[in-house]
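Hello,

Here is the structure I promised to pass on to you. Please open it beside this message and read along.

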Amino acid sequence: MADHQRPGDTTRKGYGAQHQQLRAQLAPAVALGTVPCARCGYLIAPGELWDLGHKDGTNKREYSGPEHRTCNRAAGAAAREAARMADPAPRPMTRW
Ligand SMILES: [Zn+2]
């Protein structure tokens, strides 16, 4: 992906005024480093790039909240990996 990390490029991606407005509301809190990422749960550090994420499965109608940009961009694979780590599958080697 040839996507350089440039703040303020979200308007190019089809996000509307509501998204921009909500993001602007959240920005001061995120800038303080007090807001956890909606994906990984770790705090977003001051100055760290972040995106306003959408809940999975809502067709981008519901916002989940601020997310690390890296988490947001890697949402698919990372979310699956995190879920796997947090919720281990049954042991495949168990035999009766
Ligand atoms: Zn994160």
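**Overall picture**

Please keep in mind that this is a predicted model. The mean pLDDT of the protein is 80, with 69% of the residues at 70 or more. You will find 3 helices and 2 strands, and reading from the N terminus their order is α-β-β-α-α.

Of the 96 residues in the protein, 23% are buried. The accessible surface is about 7,300 Å², and carbon and sulfur atoms contribute 56% of that. Taking the contacts with a separation of 6 or more, 40% are between residues 24 or more positions apart.

**The zinc site**

Which atoms hold the zinc ion? The donors are SG of Cys 37, SG of Cys 40, ND1 of His 68 and SG of Cys 71, at 2.0 to 2.4 Å. The angles among these 4 donor atoms are 100 to 117°, and the site is tetrahedral. Along the sequence the donor residues follow the spacing C-x2-C-x27-H-x2-C. Within this set, the pair Cys 40 and Cys 71 links distant parts of the chain, 31 residues apart. Cys 40 sits in the loop between helix H1 (17-31) and strand S1 (50-54), while Cys 71 belongs to helix H2 (residues 69-73).

Are these two cysteines buried or exposed? Cys 40 has a relative accessible area of 33%, so it counts as partly exposed. Cys 71 comes out at 15% and is therefore buried. Setting aside residues up to four places away in sequence, Cys 71 touches Cys 37, Arg 39 and Cys 40.

**The nonpolar core**

Two of the zinc donors turn up again here: Cys 37 and Cys 71. They are part of the largest nonpolar core, which has 6 residues and also includes Val 30, Val 35, Ile 44 and Trp 50.

Pro 66, found in strand S2, is worth a look in your viewer. With a relative accessible area of 7%, Pro 66 is buried. Beyond its neighbours within four places in sequence, Pro 66 is in contact with Leu 26, Val 30, Val 35, Pro 36, Cys 37, Ala 38, Ile 44, Trp 50, Asp 51 and Leu 52.

Ala 31 lies in helix H1. What is its relative accessible area? The value is 49%, so Ala 31 is classed as partly exposed, given that exposed means over 50%. From Ala 31 to Trp 50 the distance is 9.9 Å, C-alpha to C-alpha, with the two residues 19 apart in sequence.

Best wishes

Notes. Residues numbered from 1 in each chain as written. Predicted model: local features only at pLDDT ≥ 70, side-chain atom pairs only at ≥ 80, totals over all residues. Heavy atoms only, no water. Core = buried A, V, L, I, M, F, W, Y, C linked by side-chain atoms within 4.5 Å. Buried < 20%, exposed > 50% of the residue type's maximum accessible area, 1.4 Å probe, protein only. Contact = heavy atoms within 4.5 Å. Donors = N, O, S within 2.8 Å, 3.2 Å for Na, K, Ca; no water. Tetrahedral: all angles 85-135°; square planar, octahedral: opposite > 155°, others 65-115°. Helix = DSSP H or I, 4+ residues; strand = E, 2+ residues; numbered from the N terminus. pLDDT = per-residue confidence, 0-100. Areas by Shrake-Rupley, 256 points an atom, 1.4 Å probe, with all protein chains shown as cover.
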